[in-house]
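Have the picture open as you read.

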Amino acid sequence: MILHPLRPLRRLLGDAQRFWVLVVVTGLASGLSAVLLVSFLRWVQRLAWSEGTDTFLASVEQTSAAHRVGVTVLAGGLVSALVLLVRQPLRGHGTAGIIESIWVRSGRMQLPRTLFRGVVSIVAVGLGAPLGREGALLQSGAATASALGTQLRLPPDRVRLLVACGASAGIAAAYNVPIGGALFGLEVLLGGLALELFGPIVLSCVVATLVSRILIADHPSYLIPQYHLLNPREMLLAIFFGPVLGVASALYVRTVNAFAVALEGAPPVRAALLPVVSMGAVGGRPSGFPNCWATDTTR
């Protein structure tokens with residue numbers, strides 16, 4: 001196995017000590033995988049789109065309509081070809097899959113398949129798929145943590161927590177948000193804010209963010225303009241829009257899931273053509289329509 005060098009830790013350290021060592025190793029691995037995947041993403045973007053622009057969106061908008069359609073159709077064709085090659089679907093909900101792994105499969109994930117899906121996802125995003133880069137990063141972190149915990153025979157509860165640490169560290173490294181990544185792991189993946197969960201996740205997120213800041217860049221992913229709440233009516237608007245946007249989000253998720261379920265029963269040939277058709281529609285959108293490109297992948 002690829003994790004032979006860490007096996008002496010079984011004899012040298014107890015369960016608790018091994019776990020904390022693996023928390024740090026998971027943060028390092030998540031940070032390094034984030035650096036590699038983001039660097040690969042930027043290389044794909046430079047190869048596929050125009051040079052001399054500051055953002056991915058600007059580079060896409062400067063290309064011709066034929067170029068956009070050609071590149072996005074290429075992305076869809078690549079995904080279809082890989083699905084036919086490996087004879088397994090590459091689709092799936094990243095966060096939901098990690099939650100299922102934590103609570104149903106005792107933290108077990110397939111490292112080679114997850115890394116392969118991550119690389120395919122990064123290529124598709126670089127070629128124009130309207131997705132975010134965080135999916136590949138959090139999945140690679142979670143799968144690496146699962147492999148580490150399984151190889152060193154940690155108890156199932158420790159493996160579950162380590163997988164949450166890896167996924168959270170991937171989010172933290174993707175967007176330079178150590179505290180945000182930790183809260184994501186605690187609230188979304190583990191569903192609790194217990195003190196014994198907080199320490200390992202924060203440590204792994206801080207280590208992963210430190211690696212990404214050193215090797216990628218140390219700047220905020222999103223610049224939030226300064227604002228002030230000067231009128232009580234603004235608070236009332238926030239209270240009103242909260243439930244409205246929550247309902248809209250639920251409807252959006254249900255709609256996407258309904259389409260996914262409907263398309264799962266498609267014949268193999270039609271299913272293989274769906275990525276090509278959908279990506280062609282993304283690239284061929286008329287000018288003036290809202291942008292659907294992944295705007296968080298800066299050059």
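Start in the largest nonpolar core, which has 33 residues; among them, Ile98, Leu162 and Ile201 touch the most other members. A nonpolar core here is a set of buried Ala, Val, Leu, Ile, Met, Phe, Trp, Tyr and Cys residues joined through side-chain atoms within 4.5 Å. Buried means under 20% relative accessible area, while exposed is over 50% and partly exposed is in between (1.4 Å probe, protein chains only). Helices are DSSP runs (H or I, at least four residues), numbered from the N terminus.

Now zoom in on Leu162. Leaving aside residues up to four places away in sequence, Leu162 touches Phe19, Leu22, Val23, Thr26, Ala145, Leu148, Gly149 and Leu154; contact means heavy atoms within 4.5 Å. There's also a second, separate core of 13 residues, including Leu37, Ile122, Ala136 and Leu137.

Before going on, a word on what you're looking at. This is a predicted model, where local features need pLDDT of at least 70 and side-chain atom pairs count only at pLDDT 80 or more, while totals for chains, interfaces and linings use all residues. Residues are numbered from 1 along each chain as its sequence is written, and side-chain values use heavy atoms, with hydrogens and water left out. pLDDT is the predictor's confidence in each residue, from 0 to 100; the chain averages 79, and 81% of the residues score at least 70. Over residues 294–299, pLDDT stays under 50.

Next, follow helix H10 (residues 195–215). Its 21 residues reach 31 Å from first C-alpha to last, close to the 30 Å expected (1.5 Å times one less than the number of residues). Cys205 is one of the buried residues in H10, with a relative accessible area of 0%.

Finally, visit Thr114 in helix H6 (residues 111–126). Thr114 counts as buried because its relative accessible area is 9%. Its side chain reaches the backbone oxygen of Gln110 at 2.6 Å, and Thr114 touches Met109, Gln139, Ser140 and Ala143, not counting residues up to four places away in sequence.

Methods:
Helix = DSSP H or I, 4+ residues; strand = E, 2+ residues; numbered from the N terminus. Polar contact = N/O pair within 3.5 Å; in protein donor to acceptor, adjacent residues only side chain to side chain.
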